[in-house]
Amino acid sequence: MRLFISLFLKNMALTEVSSNKSFGGVQKVFSHDSKELGCTMKFGVYLPPQAEEKKLPVIYWLSGLTCTEANFIEKSGAQRYAAEYGVIIVNPDTSPRGLNIPGDSESYDFGVGAGFYLNATQEPWKKNYRMFSYVTSELPKIVNDNFPVAVGQQSIMGHSMGGHGALVCSLKNPGMFKSVSTFSAISNPSQCPWGIKAFTGYLGPKETGSWSEWDATELVKKYNGPPLELLLDQGLADNFLEKKELLPENLLEACKSAGVSAILKKREGYNHSYFYIATFIGEHIKYHSEHLTSKL
């Protein structure tokens, strides 16, 4: 890929971990030393065949609890649709790794694999658990500097904890992303068991008042930026919906009150898995492609 190679050679700080041809393009994984997180991070980049000749829009994907960069790459089937619509897809890992912070591997829903895409304020997490700044600042700069990306033409999507991340990244950075979509997002984390555990550990007691700054349902109430539409996707056989971990109805009500457009697609019989994601990922990539190529 001529254009890609010439751009990549500008920054040898990236280490190529793997490369596989897929649907005429290449699915690559890179590692690098992250200044924000203080550790080595991996991220995936799918470069469709169109990247050989021109710069393309980019969609960021944020994965959920327990995931690495590999889950989306291997299970979503997104490469087929990225090649069809001519978009680059970038997907980072979900949290810092290899730091061995006491308590970071004791449970699946806190610490390693559970960075929650926020900037922690509590010890011992605040130095390294800065996934929000990584996803919205450090990683986009790396991507823009090293790959054939049309700068400013970016969208974001995610699943579960990553859906929470996609919503927060877009709501806290008005205009940064042309569109946002989610699968089974943790929509009101300050009110659900997963979020309460994570926020207490990373941000301190709720009384500090900082929780609302990382909760999409609270952020949408005070959104003040360019017109934004939230595309929310939810499987109705999702056991975490029944366990009140996701709370999409709270986000929808907040959007209605704030005058923010929101679409909820309910998928009968689908659960929380990548089988569900793979079924509808093409629909989401098409949605983002339309927004990324719109002249409005």
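The model is predicted, so local features need pLDDT of at least 70 and side-chain atom pairs count only at pLDDT 80 or more, whereas totals for chains, interfaces and linings use all residues. Residues are numbered from 1 along each chain as its sequence is written, and side-chain values use heavy atoms, with hydrogens and water left out.

Buried means under 20% relative accessible area, exposed over 50%, and partly exposed in between, with a 1.4 Å probe and protein chains only. Helices (H or I, at least four residues) and strands (E, at least two) are DSSP runs, numbered from the N terminus.

V90 illustrates the packing. Leaving aside residues up to four places away in sequence, V90 touches F43, G44, V45, V58, I59, Y60, W61, L139 and V143, a contact being heavy atoms within 4.5 Å.

Rings of Phe, Tyr and Trp (its six-membered ring) pair if their centres lie within 6.5 Å; planes under 30 degrees apart count as stacked, over 60 as edge-to-face and the rest as tilted. By this rule there are 17 aromatic pairs. In one of them, the ring centres of F132 and W214 are 5.1 Å apart and the planes lie at 80°, so the pair is edge-to-face. This pair links distant parts of the chain, 82 residues apart: F132 belongs to helix α4, and W214 to the loop between α6 (193-203) and α7 (216-220). F132 is buried at 11% relative accessibility, and W214 is buried at 9%. One aromatic cluster is formed by W61, F72, F183, Y270, Y276 and F280.

Two of these rings also face a charge, a term requiring NZ of Lys or CZ of Arg within 6 Å of the ring centre and within 35 degrees of the ring normal. K172 lies over the face of F132, 5.8 Å from the ring centre, and the charged end of R267 sits over the ring of F280, 3.7 Å from its centre.

Finally, the structure holds zero disulfides, defined as pairs of cysteine sulfur atoms within 2.5 Å. The sulfur of C169 is 16 Å from the closest cysteine sulfur, in C255, and therefore too far for a bond. C169 is buried at 0% relative accessible area, and C255 is buried at 1% relative accessibility.
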